[in-house]
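Please study the sequence and the structure before reading the solutions.

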Amino acid sequence: MRLRARQVTLCIALVLVALALFTDSRSDAKQVVPVRNEIFRDKIVTVYMDDPLKGSGQVMRDARLEQIGDRWILVGKGVSTGQPGEWDEGLTTGMAWDAVTAFYVFTPAQFEEKMKALSP
C-alpha cells in the first residue's frame, strides 16, 4: 500500500510541475508583442474582428498595441469613413488583438484615395 501512495504522490507532483512549466511558458509568450507598433506609426488601420454582436470592424489612427492585464489590446483614435451614423471619430477605441481576424494598414493618402473611390 505504501508503494501505491508514493506512486500517486509522484504522479501528482509531476502533474503540478508540468502545469507550472506550461503556465510560465504561456505567460512569457504573452509578454512578446504580437506585431511591432512601427507598422502602425503615422498610418490609418482598418481592423476586422470576429464579433458578430458589435459589427465587423473599426478604423483608427495612432494605433498601438498595449498590454492590459494578460491581453494585448490595439488602441487608437476612431477615424470617420463618411458613413451615416458614425459617432466614434476622435474617440479612443480599442479591441483585443486575439479577436482581430484581419487588418489593413494605409498611409493617409491611400486611405483618402480608397474613401473617394467608395463615394457615389
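This is a predicted model: local features need pLDDT of at least 70, side-chain atom pairs count only at pLDDT 80 or more; totals for chains, interfaces and linings use all residues.

**Exercise 1.** Determine how the rings of F40 and W97 are arranged, and which parts of the chain the pair ties together.

*Solution.* The structure holds five aromatic pairs. The ring centres of F40 and W97 are 6.4 Å apart, and the planes stand at 70 degrees. Planes over 60 degrees apart count as edge-to-face, so the F40 and W97 pair is edge-to-face. Next, locate the two residues: F40 lies in the loop between α1 (2–31) and β1 (44–49), whereas W97 lies in the loop between β4 (92–96) and β5 (100–106). The pair therefore ties together parts that are 57 residues apart in sequence. Finally, F40 and W97 form one aromatic cluster together with F103.

**Exercise 2.** Classify the pair F106 and F111 by its geometry, and state whether F40 and W97 are buried or exposed.

*Solution.* For F106 and F111, the centres lie 6.0 Å apart and the planes meet at 65 degrees, so this pair is edge-to-face. Both F106 and F111 are buried. For the other two residues, the cut-off for buried is under 20% relative accessible area. F40 has a value of 1% and is buried; W97, at 14%, also counts as buried.

**Exercise 3.** Describe the place of T93, its burial and the residues that T93 touches.

*Solution.* T93 is placed in strand β4. Its relative accessibility is 15%, so T93 counts as buried. Leaving aside residues up to four places away in sequence, T93 touches Q58, M60, L74, V75, G76, K77 and G78.

How values were computed:
Residues are numbered from 1 along each chain as its sequence is written. Side-chain values use heavy atoms; hydrogens and water are left out. Rings of Phe, Tyr and Trp (its six-membered ring) pair if their centres lie within 6.5 Å; planes under 30 degrees apart count as stacked, over 60 as edge-to-face and the rest as tilted. Helices (H or I, at least four residues) and strands (E, at least two) are DSSP runs, numbered from the N terminus. Buried means under 20% relative accessible area, exposed over 50%, partly exposed in between (1.4 Å probe, protein chains only). Contact means heavy atoms within 4.5 Å.
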